[in-house]
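Here are some friendly notes to read alongside the model. Please keep the viewer open while you go through them.

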Amino acid sequence: MAGVAVSQSWAQGMSSDNVKGLILALSSSFFIGASFIVKKKGLKKAGASGIRAGAGGYSYLYEPLWWAGMITMIVGEIANFAAYAFAPAILVTPLGALSIIISEKLHMFGILGCVLCVVGSITIVLHAPQERGIESVTEVWDLATEPAFLFYAALVLAAVFILIVHIIPLYGQTHIMVYIGVCSLVGSLSVMSVKALGIALKLTFSGMNQLIYPQTWAFTIVVITCVITQMNYLNKALDTFNTAVVSPIYYVMFTSLTILASVIMFKDWDRQNPTQIVTEMCGFVIILCGTFLLHKTKDMVEGSSPSFAVRLAKHMDEDGFELEESAPLRFQVS
């Protein structure tokens, strides 16, 4: 009986749309993770014959290998964008940690972090809610204009305004949470808008034209505005602070706020029982542990201590090769 119950739970959780979203999210992680490796090789090759990116140079723009990495990243972000059209954000967003695994050199602690990320991802996948059935972008607009989400959006915009106008001029260069806070708060709204736009495009391609609705274009404007803001302050964070510290903190805040926004707007947990919800949260915590372990020991070599790894990470940031590559933007667009 227990086996039958598990099978039924799997069948209910993994709808055809969820499977498509899962495949797209995994593909996105693979392409984005691979792009970090290719871009990094391109940066090193360009730096050997010109001014390094970390020193303000742009010689990498003439390096084909760097452009190959950029194209690979674009493909990954397109797959990530499409994944949100098929699966809930609570399934897609945490899988961004897998791109970190692909881009890391694994040692003993790295393998442990990798295993934790994979186990956490599988846990979330097995208990993810079904995607909400939506027949028109106007339905998404109705969800976005419900009092609960409007209240959340108002809080986010108020917090972002206070951070940008009052906090950043005073503490932006000394407190890492300021820039990352703006990125994460705006990022949670950008993911909701990306998901709405993705649904509109999916319905349009299936024969139900959603481009005639003004709501589609409203979501498009929100996506563009949020992504530009998000990328601007993420670059400021990467330029000011150690990337090995920025990446895991940003991943945790961005993913947590995105899940919260999705739960409020799309009511993902209304279609699940408490056991499934708790199991998903446990899977998310496992991924967080794996991500922190990967980044905390990312530059360790066999036989070295974690403290040595942190010191080495700082030196690598100064070399200019790690700064641009270590924080995937997962809606990151993400």
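1. Let us begin with the angle terms: angles under 35 degrees count as roughly parallel, over 145 as roughly antiparallel, 65 to 115 as roughly perpendicular and the rest as oblique. Axes are lines fitted to C-alpha atoms, for helices over the stretch in contact, and the angles run from 0 to 180 degrees between N-to-C directions. Helices (H or I, at least four residues) and strands (E, at least two) are DSSP runs, numbered from the N terminus.

2. A word on provenance. This is a predicted model, in which local features need pLDDT of at least 70 and side-chain atom pairs count only at pLDDT 80 or more, while totals for chains, interfaces and linings use all residues. Residues are numbered from 1 along each chain as its sequence is written, and side-chain values use heavy atoms, with hydrogens and water left out.

3. Now the helix pair. Two packed helices are described by the angle between their axes and the distance between the axes. For helix α3 (residues 64-86) and helix α9 (residues 176-205), the axes come within 7 Å and cross at roughly 80°. The two helices α3 and α9 are therefore roughly perpendicular to each other. On the α3 side the contact (heavy atoms within 4.5 Å) is made by Phe81, Tyr84, Ala85 and Phe86. On the α9 side, Val191, Val194, Lys195, Leu197, Gly198, Ile199, Leu201 and Lys202 take part. These residues divide into nine nonpolar, one polar and two charged; here Ala, Val, Leu, Ile, Met, Phe, Trp, Tyr, Cys and Pro count as nonpolar, Asp, Glu, Lys and Arg as charged, and the others, Gly among them, as polar.

4. Ser188 also lies in helix α9. Is Ser188 buried or exposed? Ser188 counts as buried, because its relative accessibility is 0%; buried means under 20% relative accessible area, exposed over 50% and partly exposed in between (1.4 Å probe, protein chains only). Its side chain and that of Tyr152 are joined by a polar contact of 2.9 Å. Such a contact is a pair of N or O atoms within 3.5 Å; within protein, one must be able to donate a hydrogen and the other to accept it, and residues adjacent in sequence count only if both atoms are side-chain atoms. Not counting residues up to four places away in sequence, Ser188 touches Tyr152, Val156, Phe254, Leu257, Thr258 and Ala261.

5. Ser136 sits in the loop between α6 (108-127) and α7 (137-144), and is buried with a relative accessible area of 11%. Its side chain has a polar contact of 2.8 Å with that of Thr138 and another of 3.4 Å with that of Gln210. Leaving aside neighbours within four places in sequence, Ser136 is in contact with Leu203, Gln210 and Tyr213.

6. Glu139 has its place in helix α7 and is partly exposed, with a relative accessible area of 31%. Beyond four places in sequence, Glu139 is in contact with Gly133 and Ile134.

7. Finally, please look at confidence; pLDDT is the predictor's confidence in each residue, from 0 to 100. The protein chain averages 78, and 79% of the residues score at least 70. Over residues 1-7 pLDDT stays under 50, and the model has zero contacts beyond four places in sequence for them. Over residues 306-334 pLDDT also stays under 50, but there the model has 83 contacts beyond four places in sequence.
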